[in-house]
Amino acid sequence: MKTMTRSLNADIHAEMRAAKRRLIARHADHIQTPRPTKPARKAATVAATKTGIVMARVAQRTRFADPALVRIWKDVVGEEFASLCRPGRMSGGRANRTFEVCTPNGAAATAVTLKMDELKERLNAHYGPGTIGVVKVRQTSRIAKGQTAKSDIEASGLGRFRGKE
C-alpha cells in the first residue's frame, strides 16, 4: 500500500509540473517581467560648498574677514606680509577704518608692527585713499596660511634650542 501511495504521489507531482509548464507556455506573453531598477541617485550637493557660501555671507555681515580679500591677500600686501599675517576684522565707518591683521607668533607680530606704515599704504592702495586709518595686530595661536610650524620656530629664532643651528 505504501509503495502504491508513493508512486501515485510521484505521478501527481509529475502531472502538476507538466501542467504548470503548459500553462506558462500558453500565457508566456502575459507573464510580467521584473521591472527595471530605479536609476542611481544623483550625488548629494556638497555641504562644503553650501556652507562656504553661507559663511562668506556671515563674514561679510560681521566684517570679520572679507573672503574676497583672503583670496587675494598675497597680491594686495605682498609676499613678505602674506607670510607673516593674514587679514582679520575691519571695523569703523566709511573713512579711517580699523583693520586687524592676525599673526601666528610674537616675532611675526613685531615684524608687522615695525612695518605698519607700509602695510597701511598697501591696504589704502587696495581699498582707496584714507579708508584704513589704523592697523591693529592681533596675535593668534593659529598659524598663518602658507606657513608651517617648523618655519615659525626658525623665524622666531628658537631653532638654536632645537639643535637646528
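Helix 1 covers residues 2–26, and M16 is one of its residues. In this predicted model, M16 has a relative accessibility of 54% and counts as exposed, because exposed means over 50%.

## Overall make-up

The protein contains seven helices and three strands. Their order along the sequence is α-α-α-α-β-β-α-α-β-α.

Of its 165 residues, 25% count as buried. The accessible surface is about 12,800 Å², with carbon and sulfur atoms contributing 56% of that area. Among contacts with a separation of 6 or more, 58% link residues 24 or more positions apart.

The three strands make up an open sheet with mixed pairing, in the order 1-2-3. From one strand to the next, the twist averages 25°.

Strand 1 and strand 2 (residues 97–103) run antiparallel and are joined by four bridges. S91 has T98 of strand 2 as its bridge partner.

## Helices against the sheet

Helix 6 (residues 116–127) packs on the sheet and touches strand 1, strand 2 and strand 3. The direction of helix 6 makes about 125° with that of strand 3.

Helix 3 (residues 67–77) lies across strand 1 and strand 2. Relative to strand 1, helix 3 runs at about 135°.

Methods:
Residues are numbered from 1 along each chain as its sequence is written. This is a predicted model: local features need pLDDT of at least 70, side-chain atom pairs count only at pLDDT 80 or more; totals for chains, interfaces and linings use all residues. Side-chain values use heavy atoms; hydrogens and water are left out. Helices (H or I, at least four residues) and strands (E, at least two) are DSSP runs, numbered from the N terminus. Buried means under 20% relative accessible area, exposed over 50%, partly exposed in between (1.4 Å probe, protein chains only). Contact means heavy atoms within 4.5 Å. Accessible areas come from the Shrake-Rupley method with a 1.4 Å probe; for residues, only the protein chains shown count as cover. Two strands pair if DSSP finds at least two bridges between them. Axes are lines fitted to C-alpha atoms, for helices over the stretch in contact, and angles run from 0 to 180 degrees between N-to-C directions.
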